[in-house]
Amino acid sequence: MCRTAVHNGELIISEEKIEAPGLLILRGDNTGRYPYCNTLVIGEDRVVVVDPHSSRSAIEAITSRTEMLLFTHYHTDHIRYHQLFHCEFYAPAPDRLAFSGIEGLAQHTGILGSPYETQWFKRLESRSWRMPEVHNFYKDGDSFSLGSVTLQVVHLPGHTKGHSGFLIPEYNLLFTADVDFTDFGPWYGNACSSIEDFIATLEKIRQMSPRYVVTAHERWVVYAEELEEEIRRYQNIIQQRDEMFLELLKKPMDLNSLLNLHPIYGKSGMKNDFMINFMEAQMIEKHMQRLLKKGLIEKTGDGRYVRK
Ligand SMILES: [Zn+2]
């Protein structure tokens, strides 16, 4: 269903884009589903672009008038098409290591030293993958403005260490990037990711109480009146994952046995791949650390986990 709305004559929201003076949000190909994302553009004659991997033709139409390209974090589905731009690149300071090159990316994600390291390096080589050259790093509270519209950096860690969103105060609109309120739920599958930070980020978004939340993927706009329910749903998914592990750990299990059950990715329908295994293993391990810290499970002498 095509949902179109005009709020106070300010924002024009359709299934393909959101428009207002000085603001354009392009919906990514395939409704912004991975590996595409939604792209935020501010300015008119000259523009600032955030996360370019939406739709190649739409991006090619704005590259020549782009002054700055900003990344919310380092994941490939947000940085592809960077090679089409000839301007200054900006990224969040806490993700600096990942933007330093392939080695740094391997370290920041946790793939370095994991059983998946060799396959990962081979895959990147076969795709001639290069990280964008970023020389400018922003931090929470920094702002970028062009014309009548401002982008305020809002650090929203958890998904990655530096993961950031942008508040556009003129429209009370918060672009939350990969706090995306999809059915999959919160994602924290890199070494630098954190469940506790993700929970704090959800609370931060609640406290900010924006009129519109726009995400980087499938879920397009979350209106103010829907936000509380969406935040609770996301909090509950983390809680349900904890409970699922407590149920499984009525008998001792090691990480590999847990991973073989695909307790998090199993329902997603995503094809089995070493990267899925890597990310899911990281997510399981983070739940184990969290449950150990809460004193709800313990580790046996042979490295298995069991409910107390
Ligand atoms: Zn991401």
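Start by selecting helix H8, where the buried residues are Phe278, Met279, Glu280, Ala281, Met283, Ile284, Lys286 and His287. Here "buried" means that 20 or more other C-beta atoms, placed from the backbone, lie within 10 Å of the residue's own, and helices are DSSP runs of H or I with at least four residues, numbered from the N terminus.

Before going on, note that this is a predicted model: local features need pLDDT of at least 70, side-chain atom pairs count only at pLDDT 80 or more, and totals for chains, interfaces and linings use all residues. Residue numbers run from 1 along each chain as its sequence is written.

Then click on Gly295, which follows H8 and has a positive phi, near 75°.

Now colour the chain by domain: domain 1 covers 5–236 and domain 2 covers 246–307, with bounds from an automatic or database domain assignment. Their C-alpha centres lie 28 Å apart. Where they meet, eleven residues of domain 1 are in contact with ten residues of domain 2, contact meaning C-beta atoms, placed from the backbone, within 7 Å.

Finally, zoom out to the whole chain. You can look for eight helices and 17 strands, a strand being a DSSP run of E with at least two residues. The C-alpha atoms fill a box of roughly 65 × 45 × 35 Å along the principal axes, and buried residues make up 41% of the 308 residues.

Methods: Two residues are in contact if their C-beta atoms, placed from the backbone, lie within 7 Å. A residue is buried if 20 or more other C-beta atoms lie within 10 Å of its own, exposed if 12 or fewer, and partly exposed in between; C-beta atoms are placed from the backbone.
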